[in-house]
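This briefing gathers computed features of one protein chain and groups them by topic. It is intended to be read alongside the sequence and the coordinates.

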Amino acid sequence: MNSYKGLTIKYLKEHKARTILTLTGIIIAISMFTVIGGIYFSGKENEIEDVKESVGNYEIAFLDVSGDKLKQIINNSEIKNGGTVKEIGDINLDTKLLTGSLRKVHVKAYDTDAYKDIFKVKMAVGRLPGKSNEVIVDRKYYNVLKEKGIADTLEGTISISNNKSHVVYKIVGAYESNMINNTALGLIDNNINAGDKYIYYANLKDKNDKMKAAESIAKVTNTKIDPNSSMLYLIGQGPDKKKNDAVGTIFFFIFALVVVCTVVVIYNAFSISVMERIKHFGILRSIGATKGQISSLVIKEAIIMSGIAVPAGITIGYLGAFIVFGVMMSGFLGAFKIGFYPKVVLVAAALGIATVFISVLLPAFSASRVSPVDAIKGTNVLKGEKIKRRRGRLAKLFFGFEGQVAYKNIKRNRKRFYVTCISLSLSLIMFIFFSNLIDIILESNKIITVNVKVQAIYMSQNFSMGDDFGDKLAKINGIKDVYKLNYVELPMLVEKSSVNKKFVESLVKKGGIEEYRDYYIPNVQIISYDKKALEFFNKDNKKHVDYDKFRRGEEVIIVNKAMGNEDKSLFYDGFTSYKKGQSIKLPKLSREYINKKDKGLIKKFLAKNDMVDFKISEVVDYETLNGSPILNGFGIIMSDESFKRLTGVMNYNTLGIMFDSQESRDGIFEKLNVIADENSVTYYDIYEQEKKSNDLINQLMILVYGFISLIVLISGVNIINTVTINLLVKKREYAVFKAIGMTKWQFIKLVLLEGTLFGVFACIAGIPAAFLLTKYGVIVKNPLGFIGYTMPVWPYIAGSAGVIAITFLAVLIPLRKLNEMNIVEALRVED
């Protein structure tokens, strides 16, 4: 048998095309394992680092800790490390150089561990405090103080426990910050007062249930806890066990689906290899080779393939991910970095090897059972097939005689037909499933992040910003656009028939919705847009609402996505059933009603029949400039002229700003804060938040489409392998058709239809399965709850068309070989 062992190497070399195709399938599969693992752990690591940067490097905050209990918590055996913070109070500065909000500074003190380990304060200027009377302030506020000519001290009145006292703090530096937060950081000295209150931010030692350990410590020390939920969910120990389990279930489900589909691909590759060598195995059996020796040939092939494919797949997977994220997308995707994780390599290698050997067991078993006589005669592959009468009338109606024959041919062997359809269906299921998964992730991202599209906002509590204020801002160098808006949330009359019953049921149970005649009175957000804001809306939503028509025709846009609460779980859905082209009646409001929000007034408006008709021009899920869902209500966007007519309010309470560039924003940041302070309005700089949101969306899109590309590639290999084997093993049958007079073009049509019909049946089986897997595997298991997601049609259409197209093209590979076959040789024995 030693001489037999060289046959495997010889076969692989002589059949280079088949070897390369098989290796490609295995390498792609292992690369996918590597990419999935690498992206998963890298994404989690990046998110953890982001939480450490934005929130703090801690898991649990112990609140209201008395000085005498602080040491007890610090010395607890469950505590890994932590930092102490003391809230000191607010200073009202004794200066006339600053006005309003800039004159009020919040002071808190950190110990050394909080500075270095928990909040990792980065200094921009100067040094950290070294004494209890020294502080540092954020860099932006520091620049404002310098610009105003204020000395390096914070002097003023501070209120502590209802006692006012005069304090003076020396500013010794400024820490890095992207916004003015009016917060000064001092130093907690070594003297911990037993009567004072502190906050201890802690990390716990590795445990299966950190929340339980924290609750136990809090109970013993009589303190409260505030978990860093963002951090805990990332390590799989969030406060909500249901949410933790849902995330894990979805990941396991996705990974299991990929593994199953990979097994199918590799199984098909080895099946082709075995089926093509039935005659060779029969000859070996006839000269004395045992079943075990035949199996060993196939298994040796798997070992060789694994030895090549495992390192190649891991290398290609990591290299591809690094090139995409580390080189091509560097700077485009923010801080996302692909890390190297030995456990990913080990798991990918183990899964790859296990998958190959699981896939090869059945082909190896089949090869070992080859009958020498049947294999040499060429009858083995047809053995056991049952003849069943099948009419194929529809196939004949659409495709003629060749279609009927193709239909009967693929249905003749039930086992082979089902295996082939399942194999092809898996490719379709993967494409549809992951296409929907991406959409769900993007939709969920809009919900969990405030989807703000502008980069800065001025807000006023009393509609104090007129056209002149916005026009002056627009002239400042560095500002690209200014959008004049109004946001008002107040009770509003809505016809009962137009409100989603799901919201009505949840609100009625809690007594949260009032009824009046044929109306409900939920909270409604009235939003006004100027012309530039509507242009922004059109671009973001790919709409074509004409502002002049919108203004003259008193049209409105419905913002329908809302958040509700049912049975202690959140859901997100459309609040109303309004459609484009319908009309909506709104009561004419007054400034008094906007200020008081008295529902009695709105009932009086209805009694007077003082209503305004608006035509609905569009219905969207999210408002463009501040896109978070509304709680138990909906939004109505109208022109600023319509808003003035409806409410009597002539000015604005919100101005949105877009900058020319980050450099432009940085150059005028302090100036914009001073303008806000001088005009008694509030300035919110959300440039970094908007940039982070865009980066996250870009990351998701690239991950998604990169992953879908892998799915398409692995599915393509799967389909080609499957179709190829089903055609090549029936060479004798095709030879019979040629022998009895079938023309060349009839034969080509027959072969093409036989391959394509497999694609059609795969679509019939795969579409319902993909729908159910998506619905119950992801939508129902979504940690956010029901988000009102409607599965799009395009993945089903594109996936089905792709499967049918690939099956058609896959037929072309064996068709040439079948056309060139010798009829006499094919009838006598199969190669």
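**Helix H15 and overview**

In helix H15 (residues 467–474), the buried residues are Phe469, Gly470 and Leu473. Viewed along the axis of H15, these buried residues fall within an arc of 95°, so they line one face of the helix. They pack against strand E11 (456–459), strand E12 (479–491), strand E24 (654–659) and helix H22 (662–678). The model is predicted.

**The chain as a whole**

- The protein chain contains 27 helices and 25 strands.
- Of its 831 residues, 52% count as buried.
- Among contacts between residues at least 6 apart in sequence, 84% join residues at least 24 apart.
- The chain exposes about 39,100 Å², and carbon and sulfur atoms supply 56% of that area.

- Five of the five residues of strand E8 (residues 183–187) are buried.
- Burial applies to both faces of E8: Thr183, Leu185 and Leu187 lie on one side, and Ala184 and Gly186 on the other.
- In a regular strand, side chains alternate between the two faces of the sheet.
- Strand E3 (residues 104–110) runs parallel to E8 and is joined to it by five bridges; Lys108 has Leu185 of E8 as its bridge partner.
- Strand E5 (residues 134–138) runs antiparallel to E8, with two bridges between them; here Val137 has Ala184 of E8 as its bridge partner.

**The sheet E13-E15-E14**

- Three strands form an open sheet in the order E13-E15-E14, with antiparallel pairing.
- Strand E13 (494–495) and strand E14 (514–516) are the edge strands, each pairing on one side only.
- Two bridges join E13 to strand E15 (residues 519–521), and the bridge partner of Val494 in E15 is Tyr520.
- Helix H20 (residues 599–607) lies across E14 and E15, running at about 25° to E14.

**Val499**

- Val499 is located in the loop between E13 and helix H16 (501–510).
- With 7% relative accessibility, Val499 counts as buried because the cut-off for burial is under 20%.
- Leaving aside neighbours within four places in sequence, Val499 is in contact with Val494, Val504, Tyr520, Phe575 and Thr576; of these, Val494 and Tyr520 are bridge partners.
- Val499 and Gly633 are 134 residues apart in sequence, and their C-alpha atoms are 9.4 Å apart in space.

**Salt bridges**

- The count of salt bridges comes to 23.
- One of them joins the side chains of Lys86 and Asp196, at 2.8 Å from N to O. Lys86 lies in strand E2 (residues 79–93) and Asp196 in the loop between E8 and strand E9 (197–204), so the pair ties together parts that are 110 residues apart in sequence.
- Lys86 is partly exposed, with a relative accessible area of 22%, and Asp196 is also partly exposed, with 21%.
- Asp90 forms a salt bridge with Lys104, the closest N and O atoms being 4.0 Å apart. This pair links strand E2, which holds Asp90, with strand E3, which holds Lys104, across 14 residues.
- Lys496 forms a salt bridge with Glu515, with 2.8 Å between the closest N and O atoms. Lys496 lies in the loop between E13 and H16 and Glu515 in strand E14, 19 residues apart.
- Salt bridges that share partners join Asp467, Asp471 and Lys484 into one network.

Notes: Residues are numbered from 1 along each chain as its sequence is written. This is a predicted model: local features need pLDDT of at least 70, side-chain atom pairs count only at pLDDT 80 or more; totals for chains, interfaces and linings use all residues. Side-chain values use heavy atoms; hydrogens and water are left out. Two strands pair if DSSP finds at least two bridges between them. Helices (H or I, at least four residues) and strands (E, at least two) are DSSP runs, numbered from the N terminus. Contact means heavy atoms within 4.5 Å. Axes are lines fitted to C-alpha atoms, for helices over the stretch in contact, and angles run from 0 to 180 degrees between N-to-C directions. Buried means under 20% relative accessible area, exposed over 50%, partly exposed in between (1.4 Å probe, protein chains only). The arc is that of the directions from the helix axis to the C-beta atoms. Accessible areas come from the Shrake-Rupley method with a 1.4 Å probe; for residues, only the protein chains shown count as cover.
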